[in-house]
Amino acid sequence: MATQSNQPMRTLRLVIMMYDEPRPWSMIIEMDRRTSRSKLVRKGVIAVALLLAVAGGTQWYRSQMPVNVHLPKPTVPSPNARDYYTAAGLLLVDRGVVGYAVDSKPIGSATKFGEADALRSKWVPTGRALTLTEKDRLVAENQAALAKLREGMRYSYCDASPASFNTLFPHYSYDRAMARLLSLEGQTLAAHGKWDDAAGAYLDTVKLGGDITKGPVLIGTLVGISCQKVGRLHCYDVVGHLSASTARYNSRRLESIDAAMPDAGEVLAGEERFTQGSLLELFRSRDWRKAFIVGSPGDESQPYSVTATWRLQMESPRVAYDGYTRYMDQSVARARLPWPQQLATSVPPMPDDPLNYWLLPVFARTESLYFRSHALNRLLATQLALRAFYAERNAYPSTLAELAPRYLSRPPLDPFADHAPLKYRRTDHGFVLYSIGPDAQDDGGKPIVAEPKVKSKNPYEMTNDTTLAGDIVAGTNY
């Protein structure tokens, strides 16, 4: 009985003890809190994983999407001067020897340009430069090539090489050889006192180079600029020997050649169309990325980093194509501005993808080379016009405006200025004629001097450095 009567009291004391002791309740609450937090963490991890999976799947899906773009094909003239130039190159005889002959260098055991059959001629000895008689013979045995080339100069030019990263453009090596052959012909004619014919050969070289600048890729433009340089280089030597009529004819001809060349914006637009077509061809292959996981853009001997490789695997063809097009459209618009405005305009930002990072850096400083070739063409055309003016009047004009319209169609503009003519002034011994040059500053006719590190026999041979001070002076810089 006593035991039963004490039971309620024991229960009461137990309840009181539970309320008096807080530890068990706090432990229960903490355990519940930890359980809730763990559940939230698991849910968060699952949500992030789902988001990453969706993002990765979306990017992968985008990377597999085709680029549905149809580019217009160029209109190819018929007959096409390009076909004649290629045929002329194939008719060349001893083309490696031509390179040595035009520079009056001793014949070596291997060609300067690396052709395997360059020195196959048995009558050209090694170890010494060619004599005038040997140069005459070399020009004579290449008359068929020269005739074919000049036949093609009567027609319009279009290089319809297929848009592909695998296109090698082998005809450009023949074009360079033909330019040197024309220059060699001019040298031999000048050596025999045939000054008018020599000037014609040199301007044919400039004409060939001007046509080549209309090619579909930037490398063609650079080859054309190089060919024009070969022709101009020796033409200055014969200007003072030309009759008034020949000098006037050649001044107008060179003016026409220069005017027919595309502007810098059109050159970049041609490169853009060619690369767009090449990209479209590339994207048709499922394993197109393998072509780029070869070497880094800065050093082809080093492999791509893991990050760059992964980014390329996830590269969207559409994004890369649009990024390239956007960048090139902006570059074309910038290249069409007058040179001083280009200097004041920022270069377009590079697209942030590995494919364009590989494609685009090639365009650095190309516009200045093209503007420089225009400037040198116009300086030579003006010098020819001044020769004709002097031969007829026994005095030089007070201003270049007096050359138009008899000797030039209009006063020649300086491509490095903003719609301003070339600089000119008479002196006691003749005249000074110059362009203000790529720094867009008038230095009064002080020629650009190349840095000492540039290996050249002529310190006035210009480089790609657009920061060098000075002007491009006719007859001095080249």
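Biologist: Which residues does Leu379 touch, not counting residues up to four places away in sequence?
Modeller: This is a predicted model. In it, Leu379 is in contact with Tyr236, Leu422, Leu433, Tyr434, Ser435, Ile472 and Ala474, leaving aside residues up to four places away in sequence.

Biologist: How many residues has the largest nonpolar core, and which have the most contacts inside it?
Modeller: A core of this kind is a set of buried nonpolar residues joined through side-chain atoms within 4.5 Å. Here the largest one has 65 residues, and Leu379, Leu403 and Leu433 have the most contacts inside it. Among the helices that each supply at least two of its residues are H8 (171-191), H9 (195-212), H11 (244-260) and H14 (317-335). H17 gives the most, with 13 residues. There is also a second, separate core of 32 residues, which includes Leu138, Leu146, Tyr157 and Leu182.

Biologist: And the gaps: how many cavities of 30 Å³ or more does a search of the whole structure find?
Modeller: The general idea is that rolling a probe the size of a water molecule over the atoms shows where empty space is left. In this case, the search finds four cavities of 30 Å³ or more.

Biologist: What lines the second largest cavity?
Modeller: Its lining includes Leu218, Ile225, Val267, Thr366 and Tyr370. Helices H10 (218-239), H12 (264-283) and H17 (366-393) each supply at least two lining residues, and H10 has the largest share, four residues. By type, the lining divides into seven nonpolar, two polar and one charged.

Key
Residues are numbered from 1 along each chain as its sequence is written. This is a predicted model: local features need pLDDT of at least 70, side-chain atom pairs count only at pLDDT 80 or more; totals for chains, interfaces and linings use all residues. Side-chain values use heavy atoms; hydrogens and water are left out. On a 1 Å grid over the protein atoms alone, a cavity is a set of points where a 1.4 Å probe fits but cannot get out, and a pocket is an open set with protein on both sides within 12 Å along at least five of seven lines; lining residues have an atom within 4 Å of a point. Grid points are joined across faces, edges and corners, and a volume is the space filled by probe spheres set on the points. Ala, Val, Leu, Ile, Met, Phe, Trp, Tyr, Cys and Pro count as nonpolar, Asp, Glu, Lys and Arg as charged, and the others, Gly among them, as polar. Buried means under 20% relative accessible area, exposed over 50%, partly exposed in between (1.4 Å probe, protein chains only). Contact means heavy atoms within 4.5 Å.
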